[in-house]
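Me: I'd like to learn how to read a helix and a ligand site. Could you walk me through one?

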Amino acid sequence: MVQTDVKRRTTTRIKPQRPPLYKVILLNDDFTPREFVVLVLKAVFRMHEEIAHRVMLTAHQKGACVIAVFTRDVAETKAREATEIGKSKGYPLFFTTEPEQ
Ligand code: TYC
């Protein structure tokens, strides 16, 4: 009997997975001055004046506003940084994060 050597090749394709994304959310409060919120949005999230103003107004009117979406590390770092800037001036300004979907 003739034996033929059959080699099975299995190729494992690794599909690069996208990292899960996190939203950074700005919360309204009654004490932080509007212009200070705008300043923080410009400094930490690199927003232009008009956009920062619109985002601040949305949070002011609706209670919260999604600012941007990042990987978990970046979202948490930026939220912490922005919250710290407010805290250093004695304001209760607060940024939080939550997973997208
Ligand atoms: N509500 C604040 C005020 O009237 C301004 C403000 C807006 C504070 C948005 C926080 O996320 C905020 N001075």
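Reply: Let's begin with the helix α2, where the face turned away from the buried side carries the exposed residues Glu50, Arg54, Gln61 and Lys62. Exposed means over 50% relative accessible area, buried under 20%, and partly exposed in between, with a 1.4 Å probe and protein chains only. This is a predicted model: local features need pLDDT of at least 70, side-chain atom pairs count only at pLDDT 80 or more, and totals for chains, interfaces and linings use all residues. Residues are numbered from 1 along each chain as its sequence is written, and side-chain values use heavy atoms, leaving out hydrogens and water.

Me: Which residues of α2 are buried?

Reply: Ala52, Val55, Met56 and Ala59 are buried in α2. They lie on the same side of α2 because they cover an arc of only 100 degrees around the axis, the arc being that of the directions from the helix axis to the C-beta atoms. Helices are DSSP runs (H or I, at least four residues), and strands are E runs of at least two, numbered from the N terminus.

Me: Which element gives the largest share of the shell around the ligand?

Reply: That is α2, with 3 residues. The residues around the ligand include Met56, Ala59 and His60; being near takes a heavy atom within 4 Å.

Me: What lies 2.9 Å from a nitrogen atom of the ligand?

Reply: A polar side-chain atom of His60 does. For Asn28, a polar side-chain atom lies 2.8 Å from a nitrogen atom of the ligand.

Note on methods:
Polar contact = N/O pair within 3.5 Å; in protein donor to acceptor, adjacent residues only side chain to side chain.
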